[in-house]
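Let's take a quick tour of one protein model, strand by strand and helix by helix. Keep the picture beside you as you read.

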Amino acid sequence: MAVKALYDYDFPSADRAELFGDDQLVYVHWEGNPLFCSAACFRVPKALGFGEFVETVVGPWAASDPDFDPTAVRDWRVNGRPLDGSAEAPLTELGIGHKALLQFTA
């Protein structure tokens, strides 16, 4: 949804990519989970492998739901597109850029 300002709005975004150096923000949403009503945002290195990201960032976050079963995680998508690639591939090689939205079901 577009926003129309009532005045000239000329301020750089406070969360623009250039401020994060070798890191980036990644949003993660567990679809259909009533405990997590929206995506969570994590600051992670761009070079982090997807498998390590899931194990060290997503897993501990999702485990705050006592029903979380790491073996049931499936249907990864990035910005709505199916995610294909190696677990060892860096996030950026998988198309997971700054402020990307990762979604999964479990």
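Start with asparagine 79: at 44% relative accessibility, this residue counts as partly exposed, because the buried label needs under 20% and the exposed label over 50%. Keep in mind that this is a predicted model.

- Most residues other than glycine have a negative phi.
- Asparagine 79 isn't a glycine, yet its phi is positive, at about 50°.
- You'll find asparagine 79 in the loop between S3 and strand S4 (81–82).
- Aspartate 75 also has a positive phi, near 55°, without being a glycine.
- Aspartate 75 sits in strand S3 and is partly exposed, with a relative accessible area of 45%.

**Strand S5 and its partners**
- Strand S1 (residues 23–30) runs parallel to S5, joined by 5 bridges.
- Look for valine 28, which stands opposite leucine 102 in S5.
- Strand S3 (residues 74–78) runs antiparallel to S5, with 3 bridges joining them.
- Here arginine 77 has glutamine 103 of S5 as its bridge partner.

**Helix H1**
- Helix H1 (residues 50–62) spans only 16 Å between its end C-alpha atoms, while a straight helix of 13 residues would span 18 Å.
- Which residues of H1 are buried? They are Phe50, Phe53, Val57, Val58, Gly59, Trp61 and Ala62.
- An α-helix has 3.6 residues a turn, so residues three or four places apart point the same way.
- The cover over the buried residues of H1 includes S1, strand S2 (40–45), S3 and S5.

Conventions:
Residues numbered from 1 in each chain as written. Predicted model: local features only at pLDDT ≥ 70, side-chain atom pairs only at ≥ 80, totals over all residues. Heavy atoms only, no water. Pairing = 2+ DSSP bridges. Helix = DSSP H or I, 4+ residues; strand = E, 2+ residues; numbered from the N terminus. Expected span 1.5 Å × (residues − 1). Buried < 20%, exposed > 50% of the residue type's maximum accessible area, 1.4 Å probe, protein only. Contact = heavy atoms within 4.5 Å.
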